[in-house]
Amino acid sequence: MSTPSVTLGSGPHGSDTPSARASTLDRRRIKRSEAARRRSASRLKLWIGAISALVVIIPILLAQLLPLPDPNAQDLGNRLEAPFSAGHLFGTDQLGRDLLSRVLHGGQISLTIGILAVIVSGLIGVVLGSIAGFYGKWVDVVISRLLEAQMSLPLLMMLLLVVALFGPSIPVITFVIAIAQWPEVARLTRSLVLVEREKPYVAAARTLGLHRMLILLRHVVPNVFKQASLVILLLLAQAVLLESALSFLGAGPQRPFATWGRIISDGQDYVTTAWWMVTVPGIFIVLLVIGVNLLGDGLRDRPRRTKGLVALLSKGKNR
Amino acid sequence: MTYIVKRLGQGVLTVFLTVSTVFILIRLAPGNPAVAYAGPLATSAQLAQVRKQFGLDQPLIVQYGTFIRQLLSGNLGTSYSFQAPAIQVVLERLPFTLTLAFASILLAAIVSIPLGVWMARRTDTKKELGVNVVSIAGQSMPDFWTGILLLSVFAVVFPILPASGFATWAGLVLPTVTVAILQVALISRLVRREMAANLAAPYLTIARSRGVSERALTWKYAMGNSAIPVFTALGTRFAAMLNGVVVVEVVFGWPGVGSLIVRALATRDYPLIQATVLITALLAVAVQLVVDLAYPLLDPRVRLGKASAS
C-alpha cells in the first residue's frame, strides 16, 4: 500500500522513474487531461447557466422597481401592439396589457411556487427516503412501493384533478408540484443512506448506545445531505416547467397575476397575428430552465476531490 | 412464474391505490357534483333528485363500496356530460392517444439511440459538449410552447401540415415531433452514459485486440450491454410521456384522452375523470409490465425467477 503511493506520489518530477512505470504515468497524464477537459466543460456550463438564469431572475426580482405599467391595467385602445412600440418593450396583449410587465410579475409567482415546491418536496423526500434507507424492512417496502407506484403513473392527470377540485391557489399548486417531485429526492436519499448506514461510524454510534433516530438525524442525514442537495437545481427546473404546463392547461394561479403558461395559452388564439404573446413568455421559461439545468449539470459534473487512489495521489503531491 | 405473479400484483396494487386516491380526493373537495350537473338554476328538489340518481346522498363508505363493486365489474358509472358509460367514452378516445404515444416513442428511439452512441464515442470533446448543451435545451422547452411554435411555423407560415385534429396521417407529424423532442433529449443522454461506460470497459479492449471491427464493437458488443437500461428507461418514460401527450393533445386539438380529461375537469364530470385516470394508469402499468417481462429476450443472463424486483 505504501510503495505505490510513494512512487506515484513523486508525480511529474519522477523523470528518473524506471521505464516499467512509463505506462502508468502516461495513463495518468491522459486521465489528467480528461479531467481538465471535463473541468473546463463544467465551468463553461456553470457560466452559461448562471448568465441565462440571471438574465431572467434579476428583472423578475426587480419587477416592482422598474418603470412598468400595471400588469393588469387594460388599455383597449392599444390592443395587440407589436414589440418595441411606444411604452411597450414587448408589445401588448389582446386587452392592451403590457406584456413585459405581465411576464415579469407572472414570473415572480412561477418562481415562488417553484422554490417553495422544491423546499417542500425536498423535505418530504429526505425524510421518507432516509427513513426507508435507514430502517429497512417493512418501512422500506412500504415507502419504496409507494414511490414506485407513483413513478409508474402518468401523474399530470391526477395533478389536474387536484387543482380542479381544490382551486388554483398558490398553496394548492405548490403542494401538487411537491407531491409530484418527492419520489425523486426520496429515491436518491434512500440509496445514499443505504450506503452510509453500513459505515463503521454508524456501528460505533450504535455500540455507544445512541438511539437509532438520533444516529439517523445527527450523523447519517448530515452526511448525505450535501450529495442529495445537488438534485435541487434540477428539481427547480422541473417545477417551473410543471407549473407552466398546469397553468397552460388552465390549472394555474389566476391571482394576483397570471403565470407564464397562462399567458402563452391566451396568446395561442392570436398566434397568427400577435406572435410575441406566445414567444416572449416562452423564451423566459426556456432561458430560466436552461440556466438552472446547466447550473445543476455543471455542479454535478464538476470534478470533485475523489476518494481512494486519486485522493491519495493528490495528498502525496501536496506533501 | 412467481415473478410474473409478483409484478402483476404490484401493478394491480398501483392501479388500486390510484383509483382510491381519486375517489377520496373527489369526495374531500369543496364543490358539489350535483350542482355542477343540475346547473346553477336548479331547485333544491331537483338537486336532491340528482344526488339520489348518482348515489351522492349515501354515506362515503357506502359510496366507496359501490364504487369498488362497480370497478370490479368494469363499470365506472355514466358520464354526466356525455350521458354514456364513462369507460366507453374513454376507450373511444384511447386509440388516438395510443397512436400519438407510440409514434412519439418510436421516433424518439430512432433519433436518440444513434445520437447517444455518437455522443458516447466522443465523450468530453467540444462537439459532444455542444450536443450536450443542445439536449439540455431540448429538455428545458415546455412542450406546449414548442408545439405552438411548430404549429405556427409549419401550419400557419408555411402551410404544409395540418394544424389540428386527426383527419389525415399528416396530422400526426407535428404532435409526434413535439412529444418526441423532450424524450430525445432525455433518452440520448441515457444512451450516452450507458454506452460510454461500456465502451471504456475492459472486455471491449480485449475484443478490439482480437481484431473486432469498430462497428461491431459499438453496435454489437457495447450496445448489447447497454440495451437493457435503455429499454427499461423507454418503459418507465412511457408514463411520463403520457403527461406530455396530454398537454400536446390540447395544443393540437388531438381527439385523445388528454383533451378529454381537460374537458371533464371543466365540467366536473367525476365518473369520466375516474375512468380516465384508471385507464391511463392501467395503460402505464401494462406497458411497464411488458417491458419487464421482455428482459430475457435482451439479456440471456436474466432469468425471470431470479430477477429482483427492486
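## Spans from the record

UniProt annotations may be inferred rather than shown by experiment. With that in mind, let's look at this predicted model. In an unreviewed UniProt entry, the annotation "transmembrane region" is given to residues 12–30, 100–120, 141–161, 167–187, 245–266 and 272–298 of chain B.

What does the model show for two of these spans? Residues 100–120 of chain B are 100% helix and 0% strand, with the end C-alpha atoms 29 Å apart. Residues 141–161 of chain B are 71% helix and 0% strand, and here the end C-alpha atoms lie 22 Å apart.

## The fold of chain A

Now let's turn to chain A. How many helices and strands does chain A have? The count is 12 helices and 0 strands, so reading from the N terminus gives α-α-α-α-α-α-α-α-α-α-α-α.

Chain A has 319 residues, and 43% of them count as buried. Among chain A contacts between residues at least 6 apart in sequence, 72% join residues at least 24 apart.

## Where the chains touch

The two chains also meet each other. Chain A gives 38 residues to the contact, and chain B gives 39 residues. On the chain B side, at least two residues each come from helix 1 (2–28), helix 6 (126–140), helix 7 (143–157), helix 10 (214–252), helix 11 (257–266) and helix 12 (270–293). Which helix of chain B supplies the largest share of this side? Helix 12 of chain B does, with 8 residues.

What kinds of residues make up the side of chain B that touches chain A? By class, there are 28 nonpolar, 10 polar and 1 charged residues.

Terms used
Residues numbered from 1 in each chain as written. Chains lettered and ligands numbered in written order. Predicted model: local features only at pLDDT ≥ 70, side-chain atom pairs only at ≥ 80, totals over all residues. Contact = placed C-beta atoms within 7 Å. Helix = DSSP H or I, 4+ residues; strand = E, 2+ residues; numbered from the N terminus. Nonpolar A, V, L, I, M, F, W, Y, C, P; charged D, E, K, R; others polar. Buried ≥ 20, exposed ≤ 12 C-beta atoms within 10 Å, placed from the backbone.
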